[in-house]
Amino acid sequence: MIRAVLETHTGADARLRCRGELVPAAIGAGGIRILKQEGDLATPSGVLPLRRVLYRADRVAPPACALPVEPLAPHDGWCDDPTHPDYNRPVTLPHPARHERMWRDDDVYNIVIVLGYNDSPPVRGRGSAIFLHLQAPDGRPTEGCIALRESDLRRLLAAGLTEIAVPEIDLPIGT
């Protein structure tokens, strides 16, 4: 089991510490929240286990790792509607409730790892679709996920990364 620890001082300078290495990261535009709520753009605090890896087989090779690895398909989605029974679960598109498309036009979900947050069982309104995924080229914050450069993500997965510890603090961006 390999744990990475998210470090941040202002929310704008996030990085992961893993095996003595510091890796630049992007976190949610809303900072870190102990009491995460749907739509607050915050990254939840706590220990987030890596559940499984999804990837765009039409764009990238699967990453080497010990986690279950599955290719994404154009009909893959994730329900982010707290009023629907599928809340914070993968869904097949089209889907009647509000959802996120996993087959994105940009590259940030070319490799996406499902993080164990609010999933056992999901509590409506506590946040959904919290992933570890690829960082946008401009390094912008995420909508609550953790994002890394592809080379760093592949290296950490190959080394056996199994969980990320996010500090249990309320840290709004800009503080």
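Colleagues, the conventions come before the structure. Because the model is predicted, local features need pLDDT of at least 70 and side-chain atom pairs count only at pLDDT 80 or more, while totals for chains, interfaces and linings use all residues. Residues are numbered from 1 along each chain as its sequence is written, and side-chain values use heavy atoms, with hydrogens and water left out.

I begin with the interior. In soluble globular proteins, nonpolar side chains tend to be buried together. A nonpolar core here is a set of buried Ala, Val, Leu, Ile, Met, Phe, Trp, Tyr and Cys residues joined through side-chain atoms within 4.5 Å. Buried means under 20% relative accessible area, exposed means over 50%, and partly exposed lies in between, with a 1.4 Å probe and protein chains only.

Which residues touch the most other members of the largest nonpolar core? They are Leu50, Ile113 and Leu132, in a core of 32 residues. The elements giving two or more residues to this core are β1, β2 (15–18), β6 (46–55), β11, β12 (131–134), β13 (146–148), α1 and β14. Of these, β6 gives the most, with four residues. Helices (H or I, at least four residues) and strands (E, at least two) are DSSP runs, numbered from the N terminus. Another core, of 13 residues, lies apart from the largest one and has Leu72, Trp103, Val114 and Ala136 among its members.

Leu132, with residues up to four places away in sequence not counted, touches Leu50, Ile111, Val112, Ile113, Leu115, Ile146, Leu148, Leu153, Leu161 and Ile164; contact means heavy atoms within 4.5 Å. Leu115 lies in strand β11 (residues 111–115) and counts as buried because its relative accessibility is 2%. Its contacts, neighbours within four places in sequence aside, are Leu48, Pro49, Leu50, Arg51, Ile130, Phe131, Leu132 and Ile146. Of Leu115 and Leu48, one can say that 67 residues separate them in sequence, yet their C-alpha atoms are 5.8 Å apart.

I turn to charged pairs. The structure holds 16 salt bridges, each being a side-chain nitrogen of Lys or Arg within 4 Å of a carboxyl oxygen of Asp or Glu. One of them joins the side chains of Glu163 and Arg3, at 2.6 Å from N to O. Glu163 is in strand β14 (residues 161–166) and Arg3 in strand β1 (residues 2–7), so this pair ties together parts that are 160 residues apart in sequence. Glu163 is buried at 9% relative accessibility, whereas Arg3 is partly exposed at 41%.

Arg154 pairs with Glu150, their closest N and O atoms being 2.9 Å apart; the two residues lie four apart, about one turn of the helix. Arg154 is partly exposed at 24%, and Glu150 is partly exposed at 32%. Asp152 pairs with Arg155 at 2.8 Å between the closest N and O atoms, the two lying three residues apart in helix α1, about one turn. Asp152 is buried at 4%, while Arg155 is partly exposed at 35%. Which residues does the network of salt bridges link? Glu21, Arg149, Asp152 and Arg155 are linked in it.

Next, the largest pocket. A pocket is an open set of points on a 1 Å grid over the protein atoms alone, where a 1.4 Å probe fits, with protein on both sides within 12 Å along at least five of seven lines; lining residues have an atom within 4 Å of a point. The volume of the largest pocket is about 440 Å³. Of the 23 lining residues, Glu100, Arg104, Tyr109, Thr142 and Glu143 are the closest to its centre.

Finally, the backbone. Most residues other than glycine have a negative phi, and most peptide bonds are trans. A cis peptide bond joins Leu93 and Pro94, with omega about 0 degrees, and Pro94 is in the loop between β9 (90–92) and β10 (99–101). A cis bond also joins Ser120 and Pro121, with omega about -10 degrees; Pro121 sits in the loop between β11 and β12. That loop also holds Ala129, whose phi is positive, near 55 degrees. Ala129 is buried at 7%. Arg19 has a positive phi near 55 degrees in the loop between β2 and β3 (21–24), and Arg19 is exposed at 63%.

Key:
Points joined across faces, edges and corners; volume = space filled by probe spheres on them.
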